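Please consult the sequence and the structure shown below while reading.

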Amino acid sequence: AKEGIPHLSDGFNVPSNAVLAQFPLFWSLDVPTNGVRSIAKFQGAIKTGFLTPKDKLGLLIDDCPGTQEAWTDEVEPFLKAHHITFVPPENVSCTTGDNAGATSAVSGAANALLKFRSEGVTKLSLVSVSEAPALYIASVDAQSQGWYPGWIVSSLGQLAIIGGEAPAREMKNTRGFGWLPSQDVPPAYNPKPNASQRRCLALLHSQNVHPRSAADFGYAYNACEAVFVYEKALQLDGGNTAGAAISNAIASIGHRFQSTLNLYGRSTFSSAARNNAPSVYKPINWDGDCHCFRYGHQTFSMPT
């Protein structure tokens, strides 16, 4: 930020536009802000009937920058407006990538699970920068207790990756609402590759790199996404590499970019919808035949 270098991010830790205001050259390409992605999964759960006013919702909220604001300013009012009953949320530590932080967060999630069960919680979810570690550990712990609540997660739950590792009976009661096929479902059940994805894979194949697993495709498309967005910005601003010029060019892209990561390649870039590029999301359900997650038939617009 100090050097005026544009930061085109495909990482998960995207707090809120208020927190990101001090980083005007930061653009999240594939993960919406915490409030938007949290509302999307609850909106999807309500629309599909998985979450109703008859349920009692338990929430894990991390203490990463911006998470509490996302909960207080956006997510909590949304749940109240839809008459969703929730017990007082439990806080977990921010998982920043170091082992100590991850261990602390997982331990907090396991302890909260016992409390939620005693309070009659029927559905569980997270408002956080990471979902997969807590989901995995908590599902194993719930299985050991013989408790099978319903989990509500987003693409950050990485169901394509942990679906084959977590207890199947727990995964059966898990619903995802995601926009990142490489994280949501196994490669065999991804939508047909679009032109940007085919270009990305051709570049890799030319170097004898051949993605196979969900994680492989995720890494491959992450690398291509940032390069392709930067290329598009340079085309629009006449090759000006200054940070402000790149940022202004990205804001002008609108719908004129086909994503390698976002569902159906749909992205929207603008100064008004800053850091909320994905346009649509789909329900993700457990399939007992393949013992994996697959997309449902419905497609929803991302909240604005």
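Proline 211 is in contact (heavy atoms within 4.5 Å) with Leu201, Leu204, His205, Asp216, Phe217 and Ala220, leaving aside its neighbours within four places in sequence. The model is predicted, so local features need pLDDT of at least 70 and side-chain atom pairs count only at pLDDT 80 or more, whereas totals for chains, interfaces and linings use all residues. Residues are numbered from 1 along each chain as its sequence is written, and side-chain values use heavy atoms, with hydrogens and water left out.

**Proline 211 and helix H9**

- Proline 211 belongs to the loop that lies between H9 and H10; helices (H or I, at least four residues) and strands (E, at least two) are DSSP runs, numbered from the N terminus.
- With a relative accessibility of 14%, proline 211 counts as buried; buried means under 20% relative accessible area, exposed over 50%, and partly exposed in between (1.4 Å probe, protein chains only).
- From C-alpha to C-alpha, proline 211 and proline 187 are 9.7 Å apart in space, and they are 24 residues apart in sequence.
- In helix H9 (residues 195–205), the buried residues are Ser196, Gln197, Cys200 and Leu201. They lie on the same side of H9 because they cover an arc of only 130° around the axis, the arc being that of the directions from the helix axis to the C-beta atoms.
- H10 is included in what covers the buried residues of H9.
- A side-chain oxygen of asparagine 194 comes to within 3.0 Å of the backbone nitrogen of serine 196 at the start of H9.

**Packing of H10 and H11**

- Helix H10 (residues 214–236) packs with helix H11 (residues 243–251) at an angle of about 95°, and their axes are 8 Å apart. Axes are lines fitted to C-alpha atoms, for helices over the stretch in contact, and angles run from 0 to 180 degrees between N-to-C directions.
- H10 and H11 are therefore roughly perpendicular to each other, a term for angles of 65 to 115 degrees; under 35 degrees counts as roughly parallel, over 145 as roughly antiparallel and the rest as oblique.
- H10 contributes Val229, Tyr230, Ala233, Leu234 and Leu236 to the contact, and H11 contributes Ile246, Ala249 and Ile250.
- The residues of this contact comprise eight nonpolar, no polar and no charged. Nonpolar covers Ala, Val, Leu, Ile, Met, Phe, Trp, Tyr, Cys and Pro, charged covers Asp, Glu, Lys and Arg, and the others, Gly among them, count as polar.
- Gly243, Ala245, Ile246, Ser247, Ala249 and Ile250 are the buried residues of H11, and they pack against strand S1 (7–9), strand S2 (26–28) and H10.

**Asparagine 262**

- Asparagine 262 is found in the loop between H11 and strand S9 (280–287), and it counts as buried at 2% relative accessibility.
- The side chains of asparagine 262 and aspartate 30 are joined by a polar contact of 3.3 Å. Such a contact is a pair of N or O atoms within 3.5 Å; within protein, one must be able to donate a hydrogen and the other to accept it, and residues adjacent in sequence count only if both atoms are side-chain atoms.
- Beyond its neighbours within four places in sequence, asparagine 262 has contacts including Leu29, Trp179, Glu225 and Pro278.

**Phenylalanine 50**

- Phenylalanine 50 lies in the loop between helix H2 (34–47) and strand S3 (56–62), and it is buried, with a relative accessible area of 13%.
- Phenylalanine 50 and tryptophan 151 are 101 residues apart in sequence and, C-alpha to C-alpha, 9.7 Å apart in space.
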